[in-house]
Amino acid sequence: NAVENSPAQGADTEVGALNVSTSNNEHSTSSTSLRESMRRRRSSLSQLSIRVMNAIKKRKPTLRMHFWFCISRLIVTPAIVCLLIIAGDCGGILNGFPNLAKLVVIVNSCLPGAQLIVLTLKSRGLSESASIVAQVYLPSYLLSVVTIAAWTSLGLIISTPNEDGSSFCNR
């Protein structure tokens with residue numbers, strides 16, 4: 001019992017408590033500095049977002065923006081997907097994939113963007129941004145009637161086997 005209550009052991013306990021206390025202070029200091037750093041980053045991101053939104057509010061979608069959005073989404077993306085499917089089919093990589101799956105991928109790639117982003121922007125109180133995005137989406141939806149039909153036709157040609165059962169690449 002005398003060994004348990006020796007002065008040397010009491011000093012060790014106090015030093016241990018001091019170390020734990022110092023460790024907790026360092027942890028709280030580091031977590032406080034981490035919180036402060038995250039708060040500053042959020043603040044700078046918020047300021048950047050506000051500046052970008054103010055710049056966007058000042059201008060309406062231009063013809064160039066409409067053209068790029070429609071071309072990239074309705075022509076370039078499906079063309080890349082078709083080329084990848086043709087390359088995979090001719091290279092034998094897609095041998096085990098069902099033909100219907102290839103067609104679905106092609107048709108999916110030629111669909112216009114979803115209006116979900118407009119709804120999300122509106123629900124976040126960004127009505128001006130939602131209005132601009134909706135203005136860009138409208139021509140895309142109108143043109144997609146033609147492009148979906150064209151890409152679906154091409155997708156059928158690519159994905160449907162020939163009469164002899166061979167693929168588009170005669171494999």
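What percentage of the 171 residues in the chain do buried residues make up? Buried residues, meaning those under 20% relative accessible area with a 1.4 Å probe and protein chains only, make up 22% of the chain. This is a predicted model, in which local features need pLDDT of at least 70 and side-chain atom pairs count only at pLDDT 80 or more, while totals for chains, interfaces and linings use all residues. Residues are numbered from 1 along each chain as its sequence is written, and side-chain values use heavy atoms, leaving out hydrogens and water.

The secondary structure comes to five helices and zero strands, where helices (H or I, at least four residues) and strands (E, at least two) are DSSP runs numbered from the N terminus.

In soluble globular proteins, nonpolar side chains tend to be buried together.

A search of the whole structure finds one salt bridge, that is, a side-chain nitrogen of Lys or Arg within 4 Å of a carboxyl oxygen of Asp or Glu. Aspartate 89 and lysine 102 form this bridge, at 3.1 Å from N to O, and the pair links helix 2 (residues 63–90) with helix 3 (residues 99–109), 13 residues apart. Aspartate 89 is buried, with a relative accessible area of 4%, and lysine 102 is buried too, at 5%.

Key:
Buried means under 20% relative accessible area, exposed over 50%, partly exposed in between (1.4 Å probe, protein chains only).
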